[in-house]
Amino acid sequence: MFPIKTFVSERRAANLLAQIRWRDGVYCPRCRAESAIRYGSYRVFQRYLCKDCGRTFNDKTGTVFEHSAIPLRKWYLAVYTYIRLNTSIRQLDAELAVSYKTVYRRVQRFLRALDAPRPQLEGPVEIDELYVKAGKKGRERDGWSRSRGLSTRGRGTYHEDKPPVFILADRGTGETYVHPAKAADESTIRLLLGDRQQESLTVYTDGFRAYDPLNGDDAFDRQCVVHGEGEYADGDVHVNTCESHASLARRWLSPHRGVSKDKLTPYLRALQLRKRVRRKPGDEALKIILETAL
């Protein structure tokens, strides 16, 4: 159910923030001391005084929502619809009656606060890559404006404005991870597969030659299907899960036209978060979204 009550009441929004922010107890954002006492209020937010450093703070201090005159309930609606419904920033601008620059900066700040996924691969693991068109947007100081190539066909690299994005599907845990990279080479692949729980990890790939060095490594048991020869599945050996998730990644990026390659990582972390909350009720999904950013 859509958490409408939280989106229409600033006090409910403030109470939810305090509940999530101080779930492990109140502490000072400056000195991390836990000797904080209640010290009046700031609008609808509780205010505190740190007895160690003497600094006052409130529930929003040190979060992605601080220093904003926009009501907290509007920011809740923005991040919820952005993650849950993949709403574009331009659409949020129209729905919230807030300037595009304000929404953009706050959403980008929220995305940067998301934690990077930390896979512990059990295996077997599927790994595949896709290539997205993402250049360099905007104007650099004393430079050309909107320097974007985006003309490379097929495989590309970060510097060619077509960075690779690796998809890892761990069949052991059922988790799927999305990792943008500078290039699709052996060193990147070994780095992505490094966090594993077994000494010898079973890896399913396609016939891309960057995976070939895994064949002679005792740490990996590589099995592959060669798409160029019309082979897409051989029993359990396939990368269909990765290819399915790659199509979801393309759809996720589609409403956000012209994503800069410098900001590709935060956008894909938001996709990871959306996967976590897609089956959750509205109130629970909003709590998970806020916990991830706080």
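Hi everyone, let me start with one side chain: Arg190 is partly exposed, because its relative accessibility is 27%. On that scale, buried means under 20% relative accessible area, exposed means over 50%, and partly exposed is in between, with a 1.4 Å probe and protein chains only.

A word on the source before I go on. This is a predicted model, where local features need pLDDT of at least 70 and side-chain atom pairs count only at pLDDT 80 or more, while totals for chains, interfaces and linings use all residues. Residues are numbered from 1 along each chain as its sequence is written, and side-chain values use heavy atoms, with hydrogens and water left out.

Back to Arg190, then. Its side chain meets that of Glu186 in a salt bridge, 2.9 Å from N to O. By salt bridge I mean a side-chain nitrogen of Lys or Arg within 4 Å of a carboxyl oxygen of Asp or Glu. Both residues lie in helix 6 (residues 186-192), 4 residues apart, which is about one turn of the helix. Helices here are DSSP runs of H or I with at least four residues, strands are E runs of at least two, and both are numbered from the N terminus. Glu186 is partly exposed as well, since its relative accessible area is 35%. Salt bridges with shared partners bring Glu186, Arg190 and Asp217 into one network.

How many salt bridges are there by this rule? The count comes to 8. Another of them joins Glu126 and Arg171, with the closest N and O atoms 3.0 Å apart. This pair links distant parts of the chain: Glu126 is in strand 4 (residues 125-131), and Arg171 is in the loop between strand 5 (164-170) and strand 6 (175-180), 45 residues apart. Is Glu126 buried or exposed? Glu126 is buried, because its relative accessible area is 0%. Arg171, at 30%, is partly exposed.

Then there is Arg90, which has two partners to show you. The side chains of Arg90 and Asp93 form a salt bridge at 3.8 Å, N to O. These two are 3 residues apart in helix 4 (residues 89-96), so about one helical turn separates them. The charged end of Arg90 also sits over the ring of Tyr100, 4.0 Å from its centre. The rule for that is NZ of Lys or CZ of Arg within 6 Å of the ring centre and within 35 degrees of the ring normal. Arg90 counts as exposed, because its relative accessibility is 53%.

On to the rings. A search of the whole structure turns up 9 aromatic pairs. Rings of Phe, Tyr and Trp (its six-membered ring) pair if their centres lie within 6.5 Å; planes under 30 degrees apart are stacked, over 60 edge-to-face, and the rest tilted. Trp22 and Tyr48 have ring centres 5.8 Å apart and planes at 75°, so they are edge-to-face. Trp22 is in the loop between helix 2 (10-21) and strand 1 (36-42), and Tyr48 is in strand 2 (residues 45-50), 26 residues apart. Trp22 is buried at 9% relative accessibility, and Tyr48 is buried at 7%.

Phe65 and Tyr76 make an edge-to-face pair too, with 5.8 Å centre to centre and 70° between the planes. Phe65 comes from the loop between strand 3 (56-58) and helix 3 (72-85), while Tyr76 is in helix 3, 11 residues apart. Both Phe65 and Tyr76 are buried. There is also one aromatic cluster formed by Trp22, Tyr27, Tyr48 and Phe57.

Last, the domains. The protein is divided into domain 1 (4-113 + 280-292) and domain 2 (125-259), with bounds from an automatic or database domain assignment. Their C-alpha centres lie 34 Å apart. In contact terms (heavy atoms within 4.5 Å), 5 residues of domain 1 meet 4 residues of domain 2. The area buried between them is about 400 Å², and carbon and sulfur atoms give 57% of it; that is the accessible area, with a 1.4 Å probe, that two parts lose on being put together, summed over both. Tyr82, Asn86 and Ser88 supply 86% of what domain 1 buries against domain 2, more than any other three residues. How many salt bridges are counted between domain 1 and domain 2? The count is 0.

Thanks, and over to you for discussion!
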